[in-house]
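Dear colleague,

My notes on it follow directly after.

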Amino acid sequence: PAAAAPGPAVDRAPAPAPAAAPRRAGPGKAAIASAHPLATQAGLDVLAQGGNAFDAAIAISGVLAVVEPGSTGIGGGGFYLLHFADTGRQVMVDGREKAPSAATRDMYLGPDGKVRERASRDGPLAAGIPGEPAAWAWLAERYGRLPLSTSLQPAIRVAREGFPLYARLQNAIRFKQKDLARQPEVARVFLRNGEVPEVGTLIRQPALARTLETIARGQFYEGRFAQKLVDGVQRDGGVWTLEDLANYRVVERAPVTFRYRDATITSAAPPSSGGIVLANALNILSGYDLAKADAVTRQHLVVEALRHAFRDRAEYLGDPDFVQIPTEKLTSPLYAAGQRTSIRLDRATPSAHLRPVYVEGADGPSTSHFSVIDRDGNRVGATTSVNLFFGAAYQVPGTGFFLNNTMDDFSVRAGTPNAFELVGAEANAVAANKRPLSSMTPTFVETDRGLMIIGSPGGSTIISNVLLGVLNWLDGRTAQEIVGAPRIHHQYLPDSLMVEPKALTPEAKAALEARGHRIRVGSREWGNAQVVTWDYATNTVSAASDPRGVGAGLVY
């Protein structure tokens, strides 16, 4: 592979024992599904230049950082789930943000011990050390065929030349208009005379283009640029240091791999909760014949499985470099069989009846996912984020990108819900240099029929979005049917069944309420799933982008 510019972000320590999948010849064609047509096209362009799926992942991520600044970007992090066609090896590249070295357990609490409102969500104190630039360098140096500078050229071009504003981003700007208006440089890019621009307005980001060029040279985590970041963060109340940036390391982790019926499923490992929660929920569902269940009973069982799996998420899951996670137990079919004993077919289980997680007495979700397979069969499922819309809604002047507010993904106080109403315990408490727990769930699903690569944004709903996608694919649905299917969600606490506005018929809603489910109908749809499938028998590759967004799925 062509070497990326060297830098401290690349840790050459050996990866843990990798997962492996059966080897087969590639499909002879490539497919990409991402949240924006410019990102999908960038991936295809890099493939056409001789790059592989891993080069394409860098190009897609870079362009998404430009065109989805409210969802992902340089100032955030994410997980890249990789499959290598020549060996069958599978690994997760962990580019999740880390808490600064000055972070403490109670840094977001006041003198009274109560959580300081929005302290973990607004401004640079809410920002972890970004991992996205390090992940790009890692992919380029270890696995790509092209230099990092080549793969980032599409993003640099789009940032400099601009792209037309689209409705989804316009809504995000409107939601955070007051915050964006406080910073003159940000306001010049995303507002017009202080107002939200019209759809179609050209959004140019010259400072972001320069930062992308800095990353292409391998100079993000050290030197003058790092000093600029630290000076800006500390001036405005954050606690980053030069050592925090220089010491950031990508970590390669063995994915969570398990069987559900006749499928082999590979998903994200901690510090993502996605793979373990997905395995736990599907193991619970494996004890039921969903094909013979009526629609309401099936929805009821999915909710009960999610309820139990999210309860365990709250108690056990965190950064595996800091806490001992009982992965074998939580992904065991025997453990799931025990959980099923408390589930009734005719009645919802009140979350309060499950064992409590802890003893101490809304912003929109903002994430992006893409799925890639190249002609050789290398594949990437990647989910990246800055957490909430525009992250901390803060840019260090002259850099052009928003810092994340991923520190809110920690349990800033045991039992206190975060922005996604998720609760947690000591396993996910704030600590120096610790990675906060995530719900990002890039996933591969493989059967004798074929392969699906799936993922979605949506905060805590990501896991349920992916679970529903897995069930639909195993039921024979197409990629386009999967991304367009209605969504429901339960996460243990709050004890309510969340549903999209048109997800349930009036009859189904009444039947679920009769079983004791408290239903909360959302004001809007959620998620933005991106799916690639490969049918082995016909050698057909398909790519589908969620109709809830503006993305594109293309086959090359």
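In this predicted model, the count of aromatic ring pairs comes to 14. One of them joins Phe163 and Tyr166, whose ring centres are 6.5 Å apart with 45 degrees between the planes, a tilted arrangement. Phe163 and Tyr166 are both buried. Another pair is formed by Phe190 and Phe402: the centres lie 5.7 Å apart and the planes stand at 40 degrees, so this pair is tilted. Planes under 30 degrees apart would count as stacked and those over 60 as edge-to-face. Phe190 and Phe402 are likewise both buried. Ring pairs also link a cluster made up of Phe220, Tyr221, Phe225, Tyr248 and Phe401.

Two arginines sit over aromatic rings. Arg379 lies over the face of Phe444, at 4.7 Å from the ring centre. Arg449 takes up such a position over Trp473, where the distance to the ring centre is 4.4 Å.

Turning to the helices, α13 covers residues 295–316. Its 22 residues, at 1.5 Å a residue, should span 32 Å, and the C-alpha atoms at its ends are 32 Å apart, which agrees with that expectation. Of these 22 residues, 21 are buried, so α13 is largely enclosed by the rest of the structure. At the start of α13, a side-chain oxygen of Asp294 comes within 3.1 Å of the backbone nitrogen of Val296. Helix α3 (residues 132–142) is mostly covered, with ten of its eleven residues buried. Among the buried residues of α3 are Trp136, Trp138 and Leu139, and also Glu132 and Glu141.

I next describe the strands around β4. Strand β4 (residues 89–95) has seven of its seven residues buried. Strand β3 (residues 77–83) runs antiparallel to β4 and is joined to it by six bridges. Within this pairing, Leu82 stands opposite Val91 of β4. The two strands form a hairpin with five residues between them, and Gly88 in the turn has a positive phi of about 80 degrees. Strand β4 also pairs with β7 (residues 251–253), in the antiparallel sense and over three bridges. Here Val93 is opposite Glu252 of β7.

Strand β13 (residues 450–455) is mostly covered, six of its six residues being buried. On one side are Gly450, Met452 and Ile454, and on the other Leu451, Ile453 and Gly455; both faces are covered. Strand β12 (residues 443–446) pairs with β13 in the antiparallel sense over four bridges, and a hairpin of three residues joins β12 to β13. In this pairing Phe444 has Ile453 of β13 as its bridge partner. Gly455 has Gln530 of β17 as its bridge partner.

There is also an open sheet of three strands in the order β14-β15-β16, with mixed pairing. Its edge strands are β14 (488–489) and β16 (519–521), each of which pairs on one side only. Strand β14 runs antiparallel to β15 (residues 497–499), and two bridges join them. His489 stands opposite Met498 in β15.

Finally, I would draw your attention to Ser34. This residue is found in strand β2 (residues 31–34). Is Ser34 buried or exposed? With a relative accessible area of 0%, it is buried, since buried means under 20%. The side chain of Ser34 makes a polar contact of 2.8 Å with the side chain of Thr40. Leaving aside neighbours within four places in sequence, the residues in contact with Ser34 include Ile60, His369, Phe370, Ser545, Gly551 and Ala552. Gln530 is also among the contacts of Ser34, and Gln530 is the bridge partner of Gly455 described above.

With kind regards

Terms used. Residues numbered from 1 in each chain as written. Predicted model: local features only at pLDDT ≥ 70, side-chain atom pairs only at ≥ 80, totals over all residues. Heavy atoms only, no water. Phe/Tyr/Trp six-rings, centres within 6.5 Å; stacked < 30°, edge-to-face > 60°. Buried < 20%, exposed > 50% of the residue type's maximum accessible area, 1.4 Å probe, protein only. Lys NZ or Arg CZ within 6 Å of the ring centre and 35° of its normal. Expected span 1.5 Å × (residues − 1). Polar contact = N/O pair within 3.5 Å; in protein donor to acceptor, adjacent residues only side chain to side chain. Pairing = 2+ DSSP bridges. Contact = heavy atoms within 4.5 Å.
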